[in-house]
Amino acid sequence: MSQPDILNQAFELGFTYTRSTGPVVGRFLTELRDRNIVGIKASDGRVVVPPMEYDPDTAEALSEFVDVGEEGEVVSFAWVKEPRESHPSEQPFAWAMIKLDGADVPMVHWIRAGREADVSTGVRVRAVWAEETVGFITDINGFELVPEEMS
Amino acid sequence: MMANLAAVVGIGQTKYTTKRHDVSIAGLVREAAVNALEDAQLSWDDIDAVIIGKAPDMFEGVVMPEIYLADALGCNGKPMLRVHTAGSVGGSTALVAASHVQSGSFRRVLTVAYEKQSESNAMWALSTPQPFSTHLNAGAGGYFAPIIREYMRRSGAPYDAGIKVAVKDRLHGARNPLAHLQKPDITMKEVEESFMLWDPIRFLEACPSSDGACAMVIADEGLAEQAPRPPAWIRGVAMRSEPTMYAGRDEVNPQAGRDCAGDVYRQAGISDPRRDLDCAEVYVPFSWYEPMWLENLGFAPEGEGWKLTMDGATSLDEGGDIPWNPSGGVLCSNPIGASGMIRFAEAARQVRGDAGDHQVEGARLALGHAYGGGAQFFAMWVVGADKG
């Protein structure tokens, strides 16, 4: 008797969903649409960007929004030599933790830079706004390096 | 079973509704939790552990939502545990929370369950297609309808027993401002003329899709005695499971349900549930499940559950001796993952004398019940105004 085939079959499963952002994340996204970045003040006085609904220490609901700058400083980064299709840039770029002016914690985004050597910890960057903003994190179409003499 | 005494000292719910687009999932869960803390006059610092439950992740498409909800529930530095038992999860979650206290390991535990059906796809995510299998693309109603038909055949129940339950629970719900469906003028005729969804289940014999969350604070005996508001003492807890399908399984009157009820009654010293209990909050998502569970839970002999329903024994408005679902039940509000916990919490509200217009007068002992999966997971508790 021949060995039976062990069958397998690819299968895809998909459903449609909706999501409500709530008053805090929703405000952050709405402000992005208006080309403005907001954080929120935590119980210890730190400004957290993007804002979170509940304080990480005390669990209290947070509501004190703070405008932060669209410029900031690179806290750390990782250079992507060969971007993949799903990456935000077709050219090599840097994923980075960026501490915006007025914020106390860094936010993850990406930096347009010609060469890895142009990016370093402490370098200044500025948000590049998308041509059309819709209320999504990609309304910031990456950050660009701020020339040193200007910063 | 040797367990320490525990009691419900705080209850919080959201108003159940079709869409809560004003809040995130975290905001919804948070609202119930804050309401429970306020009811108990406690703060986040007073909570030793958090036990959360919801229906399967695929319903809202948020994988492991407990990760994202930890900060909303003040879990920083505390144990947090997620419970999974399909539709019965709200009940089992409350029982896991209770056992944390009964074991003596924790003094005060917050437990929360929720569903945001407006953001979910519960209907289809409930029964996913799989390769090499025939797809039961029927939703919950399609699964339970044939079981109900078998109950009707066996019991010879009149065709309108389900219609009667649908009216009765909506009249109960009209007394409860938190209930989703508010239908104070509903009639038998209106239910009968509503369209057939899954024969014999008509539209108005089925539960709604709701957004909502329910939370409770459970405390040990010492802390419960000092609680500012009357505690609901947990007098019995039981869970049972059985496989969805096996040859000879009685899906109309599942063994696991009967055993679970027997266990929880024994712990609470109940020999005749209809006589000994003052009311019950029982998971009835489709009207016919009231007569079916009346039998499964021992309130009526097999084949005679529908007689209690038809006689008005389970109706507040008809002055019944054993009101079922005075809150309006799942037929009025169904945030799936929370629905079991709402039954447990509403049972506790009754014995705390805190049920407002749907209070069963003088209720001292109440049953909370949940079932889930293919009617294969059962969770029950009995709560009392007295320690026992």
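**View 1. Contact of helix 3 with helix 14 in chain B.** From helix 3 of chain B, B:Val89, B:Gly90, B:Gly91, B:Thr93 and B:Ala94 meet B:Gly337, B:Ala338, B:Ser339, B:Gly340, B:Met341, B:Ile342, B:Arg343 and B:Phe344 of helix 14 of chain B (contact: C-beta atoms, placed from the backbone, within 7 Å). These residues divide into six nonpolar, six polar and one charged (nonpolar: Ala, Val, Leu, Ile, Met, Phe, Trp, Tyr, Cys and Pro; charged: Asp, Glu, Lys and Arg; polar: the others, Gly among them). This is a predicted model, in which local features need pLDDT of at least 70, side-chain atom pairs count only at pLDDT 80 or more, and totals for chains, interfaces and linings use all residues. Residues are numbered from 1 along each chain as its sequence is written, and chains are lettered from A and ligands numbered from 1 in the order in which they are written. Helix 3 (residues 89-102) and helix 14 (residues 336-351) of chain B pack at about 60°, with axes 5 Å apart (axes: lines fitted to C-alpha atoms, for helices over the stretch in contact; angles: 0 to 180 degrees between N-to-C directions). The two helices of chain B are therefore oblique to each other (under 35 degrees is roughly parallel, over 145 roughly antiparallel, 65 to 115 roughly perpendicular, the rest oblique). Helices (H or I, at least four residues) and strands (E, at least two) are DSSP runs, numbered from the N terminus.

**View 2. The nine-stranded sheet of chain B.** This open sheet has the order 3-2-4-7-1-8-11-10-9 and mixed pairing (strands pair if DSSP finds at least two bridges between them). Strand 3 (80-83) and strand 9 (279-281) of chain B are the edge strands. Neighbouring strands are turned by 25° against each other on average, direction ignored. Strand 4 (residues 108-116) and strand 7 (residues 211-220) of chain B run antiparallel and are joined by nine bridges. B:Tyr114 has B:Ala213 in strand 7 of chain B as its bridge partner.

**View 3. The three-stranded sheet of chain A.** The strands form an open sheet in the order 2-1-3, with antiparallel pairing. Strand 2 (47-48) and strand 3 (65-68) of chain A each have a single partner strand, so one side of each is left without a neighbour in the sheet. Four bridges link strand 1 (residues 37-41) to strand 3 of chain A, where A:Gly39 stands opposite A:Val66. Helix 1 (residues 22-33) of chain A lies across strand 1 and strand 3 of chain A, at about 155° to strand 1.

Note on methods. Two residues are in contact if their C-beta atoms, placed from the backbone, lie within 7 Å.
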